Amino acid sequence: MDFNLECLKLDLKLNDKENELFNIYFDELIEVNKVMNLTSITEKNEVFNKHFLDSLYLTKALEKKDFMLCDVGSGAGFPAIPNAIINKDAKIVIIDSLGKRINFINNLTKKLCLSNVNAYHLRAEDAKEFREKFDYVTARAVSKLNILLELCMPLVRVGGSFIAMKSQNIEIELDEAKNAINALGAKLDKIIEYELPDGAGKRSLIIIKKIKNTNLKYPRKFSQIKDKPL
């Protein structure tokens, strides 16, 4: 796979500095992965394809450059960090429930000199200070859609969108999430499907727009969300 060529297909022309940052990102990911479980994908071409390029496909759902985005359960920084590298106008917040991952992100953003990223050791259901603040909230293959919606939609401003990055087989999850979408003041906007090169698989961006304020009783405690999804 030619990473730069695939980026061009997304109307993203990477400069030398951005290419350098992606290579530093890869080196840091692999080095830290030796002592902390960040990814099972470690071969360079696969990392650039299944992590970096896949993250950049998010740009197909973003309608402007100077947005505020929150990435929930970002893990090793996907999709937040690749998008921060190519868009310095965006303000990006990462929240993750595992402190070790946040430490990795903080060290990484310092090495990449990304002043547009802030990371917090925080559970989404406890992120009261970020309620209805973001143009976009993203989650990449973290949990089932109806659970993700209750965790993430309260963070989206009215008129903004929650974007779930999923594999192709989404019909059952979408059907199960109908009640949650309605209860949280949202509507299904559109679904963008794409296929990664080298036979790496089909993916979907599920874009759910917020049309009114989310009831303050949401999100519930995670145990309730998990046991009785909306």
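A nonpolar core is a set of buried Ala, Val, Leu, Ile, Met, Phe, Trp, Tyr and Cys residues joined through side-chain atoms within 4.5 Å, where buried means under 20% relative accessible area, exposed over 50% and partly exposed in between, with a 1.4 Å probe and protein chains only. Because the model is predicted, local features need pLDDT of at least 70 and side-chain atom pairs count only at pLDDT 80 or more, while totals for chains, interfaces and linings use all residues. Residues are numbered from 1 along each chain as its sequence is written, and side-chain values use heavy atoms, with hydrogens and water left out.

- Leaving aside neighbours within four places in sequence, Phe 3 is in contact (heavy atoms within 4.5 Å) with Leu 14, Phe 22, Phe 48, Phe 52, Leu 53 and Leu 56.

**Helices α2 and α5**

- Helix α2, residues 16-33, packs against helix α5, residues 99-112, at an angle of about 150° and with the axes 10 Å apart, and the angle makes α2 roughly antiparallel to α5, a term for angles over 145 degrees.
- The axes are lines fitted to C-alpha atoms over the stretch in contact, and the angles run from 0 to 180 degrees between N-to-C directions.
- From α2, the residues Leu 21, Ile 24, Tyr 25, Glu 28, Leu 29 and Val 32 meet Phe 104, Leu 108, Lys 111 and Leu 112 of α5.
- The residues of this contact between α2 and α5 divide into eight nonpolar, no polar and two charged.

**Leu 12**

- Leu 12 lies in the loop between α1 (3-8) and α2, and it counts as buried because its relative accessibility is 14%.
- Leu 12 and Ile 86 are 74 residues apart in sequence, and their C-alpha atoms are 8.0 Å apart in space.

**Glu 193**

- Glu 193 is found in strand β6, residues 186-196, and it counts as partly exposed because its relative accessibility is 48%.
- Leaving out residues up to four places away in sequence, Glu 193 touches Gln 168, Arg 203 and Ser 204.
- Glu 193 and Ile 225 are 32 residues apart in sequence and, from C-alpha to C-alpha, 28 Å apart in space.

Methods. Helix = DSSP H or I, 4+ residues; strand = E, 2+ residues; numbered from the N terminus. Parallel < 35°, antiparallel > 145°, perpendicular 65-115°, else oblique. Nonpolar A, V, L, I, M, F, W, Y, C, P; charged D, E, K, R; others polar.
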